[in-house]
Amino acid sequence: MKTENKTNKAEVKTVAKTEEKTVTAKPGRPVNLNSARQKRLKELAEKRINGELKRGRPVNENSARQKRLVELEAKAKANGGTVKRGRPVNENSARQKRLAELEAKAKANGGTVKRGRPAKKTETQDTVTA
């Protein structure tokens, strides 16, 4: 019986491919357009098209986080669009001086700085074995 079903399906597929207009049956259970779920899905699709669909958790404008975000946005506008976060850089520290020197060397050498310790020059002796 199993082989008959497979051959019948193969025949139907070949017939459908040769015709200009193909009719395909959807697999699975048929959809009831009058069901509550289908009606709800249709409403959601319409709202999505109109831009009325709200998704996710609603925002509480009076929360501490939202107030902080508003303050940060105001600071960003006042400072030209950026807010500095974290610890400020001390330009007189040893690390910042070293980084400035490395950057100056890079500019002098065309953008590259040799890394690491210089190679040790060794003399090689040529020995001839007879």
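1. Secondary structure. The protein has four helices and zero strands, where helices (H or I, at least four residues) and strands (E, at least two) are DSSP runs numbered from the N terminus. Along the sequence the pattern reads α-α-α-α.

2. Basis. This is a predicted model: local features need pLDDT of at least 70, side-chain atom pairs count only at pLDDT 80 or more, and totals for chains, interfaces and linings use all residues. Residues are numbered from 1 along each chain as its sequence is written, and side-chain values use heavy atoms, with hydrogens and water left out.

3. Confidence. The mean pLDDT (the predictor's confidence in each residue, from 0 to 100) is 82 for the protein. At least 70 is reached by 81% of the residues. Among the elements, helix H2 (residues 36-50) has the highest mean, 94. Helix H1 (residues 2-18) has the lowest, 51. Where pLDDT is low, predicted coordinates should not be read in detail.

4. Helix H2. The expected span of a helix is 1.5 Å times one less than its number of residues. Just after H2 comes Gly-51, with a positive phi of about 80°.

5. Helix H3. This helix covers residues 64-78. Its 15 residues should span 21 Å, and the end C-alpha atoms agree, at 21 Å apart. Gly-80 follows H3 and has a positive phi, near 85°.

6. Helix H4. Residues 94-108 form this helix. The 15 residues call for 21 Å, and the end C-alpha atoms are 21 Å apart, in agreement. Just after H4, Gly-110 has a positive phi of about 85°.

7. The accessible surface is about 14200 Å². Carbon and sulfur atoms account for 51% of that surface.

8. A residue on H3. Leu-72 lies in helix H3. Its relative accessibility is 34%, so Leu-72 counts as partly exposed.

Terms used. Areas by Shrake-Rupley, 256 points an atom, 1.4 Å probe, with all protein chains shown as cover. Buried < 20%, exposed > 50% of the residue type's maximum accessible area, 1.4 Å probe, protein only.
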